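Hi,

Here is the structure I promised to pass on.

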Amino acid sequence: MAGQYDVIIIGGGHNGLVSGAYFARAGARAVVLEARHKTGGAADTSAPFPNHPEIKVSTYSYVMSLMPPTIIRELQLKRHGYDVTPFGPYYQAFPDGRSIKVYADDAAKSYESIARWSKKDAETMPLWEEWLKGVADVLGPLLLRVPPKLGSMALGDLLATADTAWRMRKLGVRGVASVTKLFSMSVTDLLNEWFESDAVKGMLAVNGVIGTWAGPDEPGTAYVMLHHSIGDVGDGHLGSWGFQQGGMGAVADAIRRSAESFGCEIRTNARVAKILTRSGRFVGVALENGEELYAPIGVTTIHPKIAFLQLIDRVELPPDFVRDIENWRTRSGVVKINVAMSELPDFIADPGKELQDHHTGSVELCFSTDYAERAFQDAHMEKKAATRPFVDGVIPTTLDKKLCPEGIHIFSMYTQWVPHEWSKEPHREELEAYADRCIDEYTALAPNFKSAVIDRQIIGPYDMEQELGLIGGNIFHGELAVDQLFHMRPAPGYADYRTPIRGLYHGSSATHAGGGVNGIPGWQAFRAAVKDRALKKK
Ligand SMILES: Cc1cc2nc3c(=O)[nH]c(=O)nc-3n(C[C@H](O)[C@H](O)[C@H](O)COP(=O)(O)OP(=O)(O)OC[C@H]3O[C@@H](n4cnc5c(N)ncnc54)[C@H](O)[C@@H]3O)c2cc1C
């Protein structure tokens, strides 16, 4: 029957596509509804430069890490184009001609580089990595688990809580202490316990502030560092971070092709204007154009403030839940700058425009934890864009040959911070000046940088909110703060991918294991529906 489905998925970001693929694979008549003209959400490849249509960029997200092997295998993503190449070292150059490189797979090279700054830190680095890996090995697999309803006395919930606690036993007394530190400390304080060199600490602090409305001195940032350091979700070996061939849009395209191969219908330019309910149960959606579609199961993969505060009548929801979603913090002050370049940066510290390993990994702009904290304080306390921004830079074209013609490079700058309030206004001129400062900072390290710029695209918090529905500009649909994780993500009692509306499941990045391009929330929403026997057998 036209307009009648087994399941309607709201949002065609990668999580919506994963969910649609799984439902269709299970034999359901599934439709994914995407507001934009294209699917993928923040996993997107585009050609943003009108004068250079041949140059493509990963528009928003830029590196892959945590997609579980099970999802890759079950959705046959490699057959559909999923192709990730592990990337090179963390690299930080300094204006005085020194640099530091840390390799994921070459301890001897890392030692040699770090020892130039501090012999003690060079010796500490393997111990630090071992410590982090020990914690990540236990916490990583938690990303694939449905958080228990802590505090609930229902038998099933008590058993789930006990099961989670049992799995934590491997941590031991010291391990529990480590987890406590990671959840409660600032990444600066944690790094101060281990290292002495500012250069080393600055580089390691980067992972603690990605996507966070908090500087590295803020308690809780140590956990963010761990979240971005997990290399394996316990589902088979995962490499470290890597570049998808053809940019991040190719990841979403692979998932879309998989979903379509299983028979999932995908509709673009199909913005959902209302979630339809009857007696507390999901029955369908109304599109912006007035069309209504019906299904007994719905999955929302859009920002929770849109889904629950705009698309559903609040009286349909428990007041506590409404309050929790109203209070959901969703700031980050991120600006993504995609720079097209005619040649690779020629660093004073490591001269040469020819491709070298320091071009192939993270090319950071974070000289110390103080440097990053200052950038945050500019935005937070002084309500202005950082005078000296922090940048997580990568040059995907060193390893991805599908983005640009030979010889052209993309320098992808993931930068922080501008005031999060900029999600309400474009602030174009200030963003242009901010981008100039990012380029100037790199030019101080690699003098050919500025003159090699062909064009640039600047995406601020306003653009992210308007284009993708990332309310407040938060890149993860909600901050990765300790009180917004695990059983609290997105609200206590609703971290199991269910919602207060029966038949409506939640698979956005605002649920446990989000954010990031890992597909886990979309997959978990499907699994919750299967567990509830919501999906009728054909
Ligand atoms: C600048 C930036 C950099 C990032 N860098 C990385 C990175 O390098 N690595 C990484 O792993 N993660 C990164 N992330 C995070 C990651 O991209 C996101 O967590 C992830 O892509 C979110 O996927 P999603 O499917 O949950 O939601 P989204 O990708 O946000 O998709 C939601 C979709 O829903 C659509 N939509 C919204 N409202 C409606 C409606 N009413 N009706 C229908 N459709 C609607 C939107 O148009 C969008 O396509 C980054 C994010 C950003 C913004």
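Let's start with helix α3 (residues 107-115), where Ser110, Ser113 and Ile114 are buried. Buried here means that 20 or more other C-beta atoms lie within 10 Å of the residue's own, exposed means 12 or fewer, and partly exposed is in between, with C-beta atoms placed from the backbone. Seen down the axis of α3, the buried residues fall within an arc of 95°, so they line one face of the helix; the arc is that of the directions from the helix axis to the C-beta atoms. On the face turned away from that buried side, α3 carries the exposed residues Ala108 and Glu112. What covers the buried residues of α3? The cover includes β7 (99-102), α4 (119-139) and α8 (198-209).

Before going on, two notes on the model. It is a predicted one, so to speak of local features takes a pLDDT of at least 70 and side-chain atom pairs count only at pLDDT 80 or more, while totals for chains, interfaces and linings use all residues. Residues are numbered from 1 along each chain as its sequence is written.

Now the whole protein. It has 16 helices and 19 strands; these are DSSP runs numbered from the N terminus, helices being H or I with at least four residues and strands E with at least two. With 538 residues, a compact globule would have a radius of gyration near 24 Å, and the protein agrees with its 23 Å (taken over C-alpha atoms; the globule rule is 2.2 Å times the number of residues to the power 0.38). Of the 538 residues, 54% count as buried.

There are two domains, with bounds from an automatic or database domain assignment: domain 1 (7-43 + 248-328 + 475-531) and domain 2 (108-238). Their C-alpha centres lie 29 Å apart. In domain 1, 17 residues are in contact with 15 residues of domain 2, contact meaning C-beta atoms, placed from the backbone, within 7 Å.

Last, the ligand. Of the 39 residues around it, Gly11, Gly13, Gly41, Ser61 and Gly515 come nearest (a residue is near if its C-beta atom, placed from the backbone, lies within 6 Å). At least two residues of this shell come from each of α1 (14-25), β14 (334-341) and α15 (461-468), and α1 gives the largest share, three residues. By type, the shell has 19 nonpolar, 16 polar and four charged residues. Nonpolar covers Ala, Val, Leu, Ile, Met, Phe, Trp, Tyr, Cys and Pro, charged covers Asp, Glu, Lys and Arg, and the others, Gly among them, are polar.

Cheers

Notes:
Contact = placed C-beta atoms within 7 Å.
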